[in-house]
Amino acid sequence: MGLYDAYLATRHRLHDAEPPAHVALVLTERDLLADGAFDTLSSAIGWAFEYGADRVTVSVSVLDRAVAPTLIRELRRLDVPAETVVRGPEADGSTEARTDSDGAPAWDADDEADAPVRILVGLGGKAEFAGAVRELASDVADGDLAPEAIDETDVAERLLFPEEPDLVIKTGAERLSDFAIWQSVYAELYFTDVNWRDFRRREYLRAVLDFQDRQRRFGR
């Protein structure tokens, strides 16, 4: 760790405010085409846990659906310090696989894809929300749910990953596309001045310190 990184880490450690418990990283397929991009992602996930997070969500948007299986295969090989689940469209039609901390497959169809690290590939917020609405409509049609009884919890329970991130980090551009449009409504957003290929520990610490300096209002 360099001197400046150590300085930022000390500021973080001495800060009165709590760090983000749930961090989301928003990437594009182009970000992951750069040399060392997957190593950077492994490091960033490690930094998140090192500096106070207990959950990390990674969203990778793709323009070309055909590249999704390749990305998913590489993402399952990430060297990260916690159990990971990767979800996204694949050539064989499956949408989910789990890996343990050693990177070995750990499938569990009954677990609802709950793991400390969750990675979504090509699953945009609009499509996710539309899927939740279809499930609600189906439950209403089956008589399992009354329309007037539907509330926010009913919607959230039908999303891929219902938890709301505290901090969302996006590199290189000040837009989120349609990442987690329901879950991130009250999240703190942080846009870096660097592209993913240049994302380092200091950029992550700056994002965390920025979060700690903010007074969260949760829409109020």
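Here are some notes on the ring pairs, salt bridges and surface charge in this predicted model.

1. Let's start with the aromatic side chains. Across the whole structure, a search turns up three aromatic pairs. In one of them, Trp47 and Phe199 have ring centres 6.3 Å apart and planes at 45 degrees, so this pair is classed as tilted. The two residues come from distant parts of the chain, 152 residues apart: Trp47 belongs to helix H2 (residues 37–50), while Phe199 sits in the loop between strand E7 (188–191) and helix H6 (201–213).

2. With Trp196 it forms a stacked aromatic pair, at 5.1 Å centre to centre and 15 degrees between the planes.

3. Next come the salt bridges, of which the whole structure holds eight. One of them joins the side chains of Arg202 and Asp5, with an N to O distance of 3.0 Å. Because Arg202 lies in helix H6 and Asp5 in helix H1 (residues 3–14), this pair ties together parts that are 197 residues apart in sequence. Arg202 is partly exposed, at 31% relative accessible area, whereas Asp5 is buried at 9%.

4. Another salt bridge to check is the one between Arg158 and Asp139, at 2.6 Å from N to O. This pair also links distant parts of the chain, 19 residues apart, with Arg158 in the loop between H5 and strand E6 (167–170) and Asp139 in helix H4 (residues 125–141). Arg158 has a relative accessible area of 17%, which is under the 20% cut-off, so this arginine counts as buried.

5. Helix H6 also holds a local pair. Arg206 and Glu203 form a salt bridge whose closest N and O atoms are 3.2 Å apart. Both residues lie in helix H6, three residues apart, or about one turn of the helix. Arg206 is partly exposed at 32% relative accessible area, and Glu203 is buried at 9%. Elsewhere, Glu188, Asp210 and Arg214 are connected in a salt-bridge network.

6. Finally, a word on the surface. Which residues make up the patch of negative charge there? Asp151, Glu152, Glu157 and Glu164 gather to form it. Of these, Glu152 lies in helix H5 (residues 152–156) and counts as exposed, with 61% relative accessibility.

Terms used: Residues are numbered from 1 along each chain as its sequence is written. This is a predicted model: local features need pLDDT of at least 70, side-chain atom pairs count only at pLDDT 80 or more; totals for chains, interfaces and linings use all residues. Side-chain values use heavy atoms; hydrogens and water are left out. Patches are made of residues with over 30% relative accessible area and no salt bridge: like charges are joined within 9 Å, nonpolar side chains (Val, Leu, Ile, Met, Phe, Trp, Tyr) within 5 Å. Accessible areas come from the Shrake-Rupley method with a 1.4 Å probe; for residues, only the protein chains shown count as cover. A salt bridge is a side-chain nitrogen of Lys or Arg within 4 Å of a carboxyl oxygen of Asp or Glu. Lys and Arg count as positive and Asp and Glu as negative; His and the chain ends are not counted. The place of a charge is taken as NZ of Lys, CZ of Arg, CG of Asp or CD of Glu. Helices (H or I, at least four residues) and strands (E, at least two) are DSSP runs, numbered from the N terminus. Buried means under 20% relative accessible area, exposed over 50%, partly exposed in between (1.4 Å probe, protein chains only). Rings of Phe, Tyr and Trp (its six-membered ring) pair if their centres lie within 6.5 Å; planes under 30 degrees apart count as stacked, over 60 as edge-to-face and the rest as tilted.
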